Number of protein chains: 2
Amino acid sequence: MIDEVKLKDQNGLFRSISEDTWRKLLPHIEEFDMPLGLVLSDSGCSQSYLYFPTNAIVSLLYNLENGSSAEIAVVGYEGCFGVSIFLGGQSTLTTAVVQSAGKSYRIKASVIMEEFNNSSPLRNLLLRYTQAVITQTTQTAVCNRHHTIDQQFCRWLLLSLDRLDGNELVMTQELIANMLGVRREGVTEAAHKIQAEGIIKYTRGHISVLNRPMLEKRACECYHVVKDEYDRLLPHTLAI
Amino acid sequence: MIDEVKLKDQNGLFRSISEDTWRKLLPHIEEFDMPLGLVLSDSGCSQSYLYFPTNAIVSLLYNLENGSSAEIAVVGYEGCFGVSIFLGGQSTLTTAVVQSAGKSYRIKASVIMEEFNNSSPLRNLLLRYTQAVITQTTQTAVCNRHHTIDQQFCRWLLLSLDRLDGNELVMTQELIANMLGVRREGVTEAAHKIQAEGIIKYTRGHISVLNRPMLEKRACECYHVVKDEYDRLLPHTLAI
DNA sequence: AATGTTATGTACGGTAACGCACATAAGTAA
DNA sequence: TTACTTATGTGCGTTACCGTACATAACATT
């Protein structure tokens, strides 16, 4: 069964839930495995669970009619996926895909809604998280308009890295290209430049970050803006 | 004083507020004039009012360090500005600027919060609206990545037009460029093409839409996606 | 009418990213 | 080993958009 002692430390939102709310939710928390590529929600489908990743990363993508796509936001241990449940729209137009395999927990939508409506601490927490996601989405919009692939590649690496243990990342250039909504060759080029500067080492789907401070310098402002806003809105949620 | 009979019909969210909530809010509704260019909230500043435009349009912009900017979403009679109040973060990193002058109403943040916490109908309404704004932001992100200036110009015209009476729009190319986050010359070119096709007529800050169906055809899918999602989430809020 | 200001038009070299085609290399399976 | 698949490298012409500079035209001011 679930180890209740460790449970609360595995997701940032869990850690921020007050004691009495926690006691009510605890019986309804289910373990849920997230293999790479799993689609958690297709565009327009109603959500029946709120997902809380631990070491997994979920990408929120938007797919255009012509088949091209772009990542809107990324969710890891610091948050949850399925905000449309408590925003009331039930579904979203975004597709959620597991970008990095791992474990997560989930809670039935009905259970969350019950608590959301009756407990303002949980509601406040989830809404503050929602604003953090909005910030990330906003920043993505501006980033897509104004920053180079190089910069966005670095930003993306950092956001992913923050949600993982260690300094390695399993991800092909093809997939990164899909996230950024650019050509695979564009990512190849960007990765080359960054590697030439000794910042990363790229080998067939494995990226090792060798010099994180430099990576942050090469990234656009968007990374820090988003990170700082998460820190502000969810102060005790992040550092694990 | 405020004409209470007409009041409820001037903003889509007002119209969707239930009778008893409405009676409680009514004494706190203030008139507020929105002249062109007025800045309602600077990046990082705390919001003390929730604004409900009637015939005014508010642009949510994001300003980058280097001075360039991009519009994230647009708010008119169908919604409100200041969602960060009830999301709990108080401030946002976006700047809100009056894009088209007009009248609006506003309610003190404290009054809204009181109702938001005690009345689930108002809460549900505002949260559904929040999801609609998220959709718009998401679509902006993808649009910035994948669509041409021509398409975005058309989309932008349509979104503005939907929030105004008539088929005319007072707006210089310079300002549109700022919204879209592109060069002014880029907008000049786009406007030329669209005008050459007889879809609009552009004269020194005045745009008349002559053929709206064609304008919709020239726009990217983003316009309809956003519009349909607003219709879904706020069914009785739109058509005035 | 003369002048200034604001909005728009036009031109041109530069560049980031695209689409496409194909080469290479690193793993995988037989 | 051999063959196959998958991931990455590379080249090249094309395009959309940029930055800059400057011209024109409409309106405003006196």
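**Figure 1. A salt bridge between A:Glu78 and A:Arg163 in a predicted model.** Let us start with one pair of residues: A:Glu78 forms a salt bridge with A:Arg163, and their closest N and O atoms are 3.1 Å apart. Keep in mind as you explore that this structure is a predicted model. How many salt bridges does the rule find across the interface of domain 1 of chain A and domain 2 of chain A? The count there is 1 salt bridge. Polar contacts join the two domains as well, with 6 residue pairs found across this interface.

**Figure 2. The two domains of chain A and the surface where they meet.** Now step back to the domains themselves. In the domain assignment of chain A, domain 1 covers 4–144 + 229–233, while domain 2 covers 148–219. Their centres, taken over C-alpha atoms, are separated by 24 Å. Domain 1 of chain A brings 19 residues to the contact and domain 2 of chain A brings 12 residues. Between them, the two domains of chain A bury about 1300 Å², and carbon and sulfur atoms give 54% of that area. Which residues of domain 1 of chain A lose the most area to domain 2 of chain A? They are A:Glu71, A:Gln99 and A:Cys143, which together account for 33% of what the domain 1 side buries.

**Figure 3. The side of domain 1 of chain A that touches domain 2 of chain A.** Here we look at one face of the interface with its 6 residue pairs in polar contact. The elements giving two or more residues to this side are strand 4 (57–63), strand 5 (69–75), strand 6 (95–100) and helix 6 (120–146) of chain A. Strand 5 of chain A gives the largest share, with 5 residues. Sorted by type, the residues of this side of domain 1 of chain A are 8 nonpolar, 9 polar and 2 charged.

Figure 4. We move to chain B, where B:Glu71 sits in strand 5 (residues 69–75). Is B:Glu71 buried or exposed? B:Glu71 counts as buried because its relative accessible area is 9%, and the cut-off for buried is under 20%. Leaving aside residues up to four places away in sequence, B:Glu71 touches B:Ser59, B:Leu60, B:Leu61, B:Gln99, B:Thr140, B:Trp156 and B:Met179. Two of these neighbours can be picked out by their polar contacts. The side chains of B:Glu71 and B:Ser59 are joined by a polar contact of 2.5 Å, and the side chain of B:Glu71 makes another with the side chain of B:Gln99, at 3.3 Å.

**Figure 5. Where chain A meets chain B.** Finally, look at the contact between the chains, which takes 46 residues from chain A and 46 residues from chain B. Chain A and chain B bury about 3700 Å² between them, with 58% of it on carbon and sulfur atoms. What joins the chains here? The count between chain A and chain B is 0 salt bridges, but there are 26 residue pairs in polar contact. On the chain A side, strand 5, helix 4 (84–87), helix 5 (109–118), helix 6 and helix 11 (222–233) each give two or more residues. Helix 6 of chain A provides the largest share of that side, 17 residues. The residues of chain A that touch chain B divide into 16 nonpolar, 23 polar and 7 charged.

Terms used. Residues numbered from 1 in each chain as written. Chains lettered and ligands numbered in written order. Predicted model: local features only at pLDDT ≥ 70, side-chain atom pairs only at ≥ 80, totals over all residues. Heavy atoms only, no water. Domains from an automatic or database assignment. Contact = heavy atoms within 4.5 Å. Buried area = accessible area lost by both parts, 1.4 Å probe. Salt bridge = Lys/Arg side-chain N within 4 Å of Asp/Glu carboxyl O. Polar contact = N/O pair within 3.5 Å; in protein donor to acceptor, adjacent residues only side chain to side chain. Helix = DSSP H or I, 4+ residues; strand = E, 2+ residues; numbered from the N terminus. Nonpolar A, V, L, I, M, F, W, Y, C, P; charged D, E, K, R; others polar. Buried < 20%, exposed > 50% of the residue type's maximum accessible area, 1.4 Å probe, protein only.
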